[in-house]
Amino acid sequence: MKKKNTLKYWIGRLHLLLGLSTGLIVFIVSVTGCLFCFHDEIKDVTRPYRHVEQRDQAFVAPSVLFQNAKQRVPANKPSFVVYAGKNRSAAVYSSGEGGQLYIYFDPYTGQYLATENLKKDFFIIVEYIHLYLLLPPAIGKQIVGVSVIIFVVMLITGIVLWWPKRKHDRKMSFTIRWKGRWRRVNYDLHKVFGFYASVIALVLALTGLAIDYNWMHKAMYKVANVGQKYDKKEDMHPVVDTNSVVSDMHPAMDIAFIETVKRSARAEMFFVTPPFSKSDPITTGAYAKSLNYDHQDNYYFDPSSGKLLKSLPYSVKSSGMKFNEMNYGLHVGQYFNLPGKIAAFLVSLICASLPITGFMIWYGRKYKKHPKSQGIPVQEKQLV
């Protein structure tokens, strides 16, 4: 029997305690992560209005789409418009008494296509469960965030417990004995799958923390900028002269969009956001690939004239900003295209299984009178 004063024993106790305290949260977050990985592909198949026939002509002006959205839901205020691609519909986000909506239009004609209610959309609900457990964001965010931090600690302690002490135990640490009793198979599933998934699981966990917490976002920025000076100007939007009169924002917004398309001619996806206050500029962005939220060029325009105030193309951004823009793509596996999404899906599935297999190991150890009959060596049981 392993002595109770050894470091590995107490690491095992810590691993067990943390697992029992956060297992349910880790299971929910992991399962919803699985469901969300392929949300774009599933929606493309089930929602035909997301695609339009590609044409050799310019997109309709954002002011037209804003007006059309306002006519569809007069009680709401349009907040931004996204041109998702040459063969995809444009979407206006609209919120107010009419609810939180995405209103889809043909980007070449402005014709209305469909409306999505975010509170009733399946994948938005899945996302909110993943982020907040459907609790108030201020509460749910902290519960999920703390659970993910604990999960990171469990990944590290799990590697320590997995690490084979003797050379002839290494093969056993990498394989699952499928012909063993179910308790032996369950133990191997927890140990071996946990090891193989640990690196990608750590990436998913850390990128998730960067979404939840600003301190993690800033930490990743600074780490990626090793050897470079922290440039605060990257995060500063130009302040508009509040004395200028904004008589009609629509022409300025259209001018800003035309200039954005001109400057980022190779981009596939664009967004346009009007000012939220008098001191805010019109903000636009251009993404290299449709439905991919990295490699973006950012522009800021005067809301009264449409004059360009500041440009921040992807090519001049620091390594830290580029890395932060990769965060979402890394978190859902999108950055590595289909192989990345498959990897994120499978690892999320394994992460969802770890609380279950871990609980079964603990339950079997606690309530089984004859541990030798479980097919798990006593020495290995002390590491669980």
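Helix axes are lines fitted to C-alpha atoms over the stretch in contact, and the angles between their N-to-C directions run from 0 to 180 degrees. The model is predicted, with local features requiring pLDDT of at least 70, side-chain atom pairs counted only at pLDDT 80 or more, and totals for chains, interfaces and linings using all residues. Residues are numbered from 1 along each chain as its sequence is written, and side-chain values use heavy atoms, with hydrogens and water left out.

**The whole chain**

Display the chain as a cartoon: there are 13 helices and 8 strands. These elements are DSSP runs numbered from the N terminus, where helices are H or I runs of at least four residues and strands are E runs of at least two. Colouring by relative accessible area will show that buried residues make up 48% of the 384 residues; buried means under 20%, exposed over 50%, and partly exposed in between, with a 1.4 Å probe and protein chains only. Contact here means heavy atoms within 4.5 Å. Of the contacts with a separation of 6 or more, 57% join residues 24 or more positions apart.

**H1 with H5**

Select residues 7-37 (helix H1) and 137-162 (helix H5), whose axes come within 8 Å and cross at roughly 140°. The two helices are therefore oblique to each other; angles under 35 degrees count as roughly parallel, over 145 as roughly antiparallel, 65 to 115 as roughly perpendicular, and the rest as oblique. The crossing of H1 and H5 is left-handed, that is, the near helix is turned anticlockwise from the far one by less than a right angle. Show side chains next: on H1 the contact includes Lys 8, Ile 11, His 15, Leu 18 and Val 29, and on H5 it includes Ile 143, Phe 151, Met 154 and Leu 161. By class, the residues of this contact divide into 14 nonpolar, 7 polar and 1 charged. Ala, Val, Leu, Ile, Met, Phe, Trp, Tyr, Cys and Pro count as nonpolar, Asp, Glu, Lys and Arg as charged, and the others, Gly among them, as polar.

**H5 with H7**

The contact of H5 with H7 comprises 14 nonpolar, 2 polar and 3 charged residues.

**H1 with H12**

Return to H1 and select helix H12, residues 337-367; the axes come within 8 Å and cross at roughly 150°. On H1 the contact includes Leu 16, Phe 27, Cys 34 and Cys 37, and on H12 it includes Lys 341, Phe 345, Pro 355 and Trp 362. The contact of H1 with H12 holds 16 nonpolar, 4 polar and 1 charged residues.

**The nonpolar cores**

Select Leu 65, Val 81, Tyr 83 and Ile 282, the residues with the most contacts inside the largest nonpolar core, which has 26 residues. Such a core is a set of buried Ala, Val, Leu, Ile, Met, Phe, Trp, Tyr and Cys residues joined through side-chain atoms within 4.5 Å. Elements that each supply at least two residues of this core include helix H3 (62-72), strand S1 (76-83), helix H9 (249-263) and strand S6 (282-287). H9 gives the largest share, 4 residues. Apart from this core lies another, of 25 residues, among them Val 152, Tyr 213, Met 220 and Val 347.

Now centre on Tyr 83. Leaving aside neighbours within four places in sequence, its contacts include Phe 59, Leu 65, Pro 107, Phe 257 and Phe 270.

**Loop residues**

Select Pro 74, in the loop between H3 and S1. With 56% relative accessibility, Pro 74 counts as exposed. Its C-alpha atom is separated by 9.2 Å from that of Glu 97, 23 residues apart along the chain.

Move to Pro 274, in the loop between S5 and S6. This proline counts as buried at 12% relative accessibility. The C-alpha atoms of Pro 274 and Pro 78, 196 residues apart along the chain, are separated by 9.2 Å.

Finish with two leucines. Leu 134 has a phi near 65°, a positive value in a residue other than glycine; Leu 134 sits in the loop between helix H4 (122-132) and H5 and is exposed, with a relative accessible area of 54%. Leu 291, in the loop between S6 and S7, also has a positive phi, near 65°, but counts as buried at 13% relative accessibility.
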